[in-house]
Amino acid sequence: MNYELIIMNYFVSLHTNFSKDMSERRVRVRFAPSPTGALHIGGVRTALYNYLFAKQHGGDLVFRIEDTDSNRFVPGAEEYIIESFKWLGIKFDEGVSFGGDKGPYRQSERRDIYKEYVQQLLDADKAYIAFDTPEELEAKRAEIQNFQYDAHTRGQMRNSLTLPKEEVDQLIADGKQYVVRFKIEPGREVLVNDLIRGEVRVKTDILDDKVLYKSADQLPTYHLANIVDDHLMEITHVIRGEEWLPSAPLHVLLYEAFGWADTMPQFAHLPLLLKPDGKGKLSKRDGDRLGFPVFPLEWHDPKTGDVSRGYREDGYFPEAVINFLALLGWNPGTEQELFTLDELVPLFDITKCSKAGAKFAYDKGIWFNHEYILKKLPKEIAELWLPEVQQHCPAETLERVTKVCEMMKDRVSFVKELWPLCSFFFEAPTAYDEKTAKKRWKEDSAQQLTELIGVLEGIDDFSLENQEQIVHQWIEQKEYKLGNIMNAWRLTLVGEGKGPGMFDISAFLGKEETIRRMKQAIEVLG
């Protein structure tokens with residue numbers, strides 16, 4: 001009998017029936033972070049893809065907190081994660097802080113549920129209790145090269161498969177700490193049908209008997225908790241990072257062990273986000289080294305006191321971050337690059353995600369932010385910038401700040417770049433750039449600018465168009481060089497060689513302020 005062929009046909013048949021059954025079920029996906037610190041930008045992308053997939057199919061996005069690792073719990077992390085998604089505009093349909101009828105959605109509140117399913121596996125001889133201490137395990141690793149706790153070695157260890165039942169019961173009664181391990185039988189092939197990677201086949205011989213439950217904290221490990229939660233919460237698709245792909249065969253076997261194979265979710269393992277340079281996955285160290293954030297919001301580590309940069313505090317628009325992340329590992333197959341969240345929903349195709357990791361080109365994120373500044377109205381940018389302007393010039397108004405944004409917003413990628421670039425609109429220069437002065441302030445500049453002051457004093461209508469016409473006529477009549485006049489004039493009003501057109505600047509400043517600045521500069525520059 002061809003045992004391997006029987007197994008393969010079983011899984012093919014299973015997948016066919018599953019696909020048919022899935023088409024009749026409401027799509028439900030989940031994002032389930034651990035509250036162990038700040039939310040990595042890779043996690044944000046995973047949540048985004050889950051959101052797009054759910055909305056595309058008219059389904060639900062569930063927010064679950066995986067806090068079974070009590071040793072790694074960080075106060076404030078859960079609140080940080082929720083605030084991050086509120087800022088980004090990714091909305092959950094149910095879960096922690098969002099309500100729903102399939103809770104609790106925090107795994108630490110589901111202890112009794114997990115115990116029931118652990119016992120079910122033990123009763124069915126699909127799992128066993130192991131009492132091996134860390135020291136005993138370490139000794140076995142030293143004794144056996146590449147030691148793995150599996151069908152070949154479990155008989156050498158201290159567990160319920162090797163100890164008499166009376167001794168097992170007594171150890172438990174005495175409060176001896178133990179773990180429950182999944183009993184994986186060798187000689188099988190597990191088929192994982194992945195929406196992105198296709199068929200992934202794994203021999204059970206290379207799988208170890210994973211720990212499913214720890215008596216020390218009475219909590220399950222990731223493997224058991226996720227399977228139970230996904231089943232009870234009716235999750236139809238598990239979209240997660242590539243780093244979880246090695247655990248997929250184990251999860252398939254667990255679904256089978258519980259008798260839930262007909263409702264097993266479809267897997268999709270997303271490509272990793274890679275370093276901008278070099279090899280390996282993106283880390284916080286890369287951001288620190290190259291000067292970009294890897295967290296959505298600024299993170300204050302309660303244990304170390306370290307502060308890590310966030311996209312929000314760095315001045316990124318949430319829609320720019322969403323757009324940037326959506327195209328890391330997936331693209332719509334067109335030349336279009338700018339998409340709103342709503343526009344992404346009908347276009348997104350999980351099966352078209354790349355299998356290879358995506359380079360985290362952080363400079364592209366800056367480009368997206370610039371493009372979104374261009375898309376926004378000057379008044380929108382002005383409203384964001386006004387508080388900073390008023391820190392320097394309390395009397396400034398939204399109307400005047402909006403006028404500056406009309407002239408200058410296309411020159412920046414972040415709102416925070418506006419003040420260094422545009423402060424001269426609100427504050428007269430107190431010094432003049434030495435290099436610019438050396439190049440632009442000629443021997444006759446003081447005399448020519450003094451003449452120009454006389455021309456400006458005679459202008460009643462100080463509008464941009466009227467100034468431009470009168471000043472140009474004066475330059476032509478005097479046969480002065482236009483560049484010499486304009487460059488020297490810019491130096492007097494700005495303090496250096498930057499800014500928009502000269503008549504834009506003088507019209508904004510008004511006649512009185514323009515002439516005052518010119519006289520001050522002539523006195524200083526000579």
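Trainee: Does glutamate 319 count as buried, exposed or partly exposed, and at what relative accessibility?

Mentor: Start with the cut-offs: buried means under 20% relative accessible area, exposed means over 50%, and partly exposed is in between (1.4 Å probe, protein chains only). Glutamate 319 comes in at 27% relative accessibility, so it counts as partly exposed. Keep in mind that this is a predicted model, where local features need pLDDT of at least 70 and side-chain atom pairs count only at pLDDT 80 or more, while totals for chains, interfaces and linings use all residues. Residues are numbered from 1 along each chain as its sequence is written, and side-chain values use heavy atoms, with hydrogens and water left out.

Trainee: Which residue does glutamate 319 form a salt bridge with?

Mentor: The general idea is that side chains of opposite charge can pair when their charged atoms come close. The rule here is a side-chain nitrogen of Lys or Arg within 4 Å of a carboxyl oxygen of Asp or Glu. For glutamate 319 the partner is lysine 376, with the closest N and O atoms 2.8 Å apart. This pair links distant parts of the chain, 57 residues apart: glutamate 319 belongs to helix H10 (residues 318-326), and lysine 376 to the loop between helix H12 (362-375) and helix H13 (378-392). Helices here are DSSP runs (H or I, at least four residues), numbered from the N terminus. Lysine 376 counts as buried, at 16% relative accessibility.

Trainee: How many salt bridges does that rule give?

Mentor: The count comes to 40. One of them joins glutamate 396 to arginine 400, with 2.7 Å between the closest N and O atoms. Glutamate 396 is buried at 12%, whereas arginine 400 is partly exposed at 28%.

Trainee: Where do lysine 519 and glutamate 457 lie?

Mentor: Their side chains meet in a salt bridge, 4.0 Å from N to O. Lysine 519 sits in helix H21 (residues 511-525) and glutamate 457 in helix H17 (residues 445-457), so the pair ties together parts 62 residues apart in sequence. Lysine 519 is partly exposed at 45%, and glutamate 457 is partly exposed at 45% too.

Trainee: Which residues are linked in a network of salt bridges?

Mentor: Look at Arg30, Arg64, Glu66, Arg110, Asp229 and Asp230, which are linked that way.

Trainee: And how many disulfides does the structure hold?

Mentor: A disulfide is a pair of cysteine sulfur atoms within 2.5 Å. The structure holds zero. Take cysteine 405: the nearest cysteine sulfur belongs to cysteine 422, 7.4 Å away. Cysteine 405 is buried, with a relative accessible area of 0%, and cysteine 353 is buried at 5%.

How values were computed: Helices (H or I, at least four residues) and strands (E, at least two) are DSSP runs, numbered from the N terminus.
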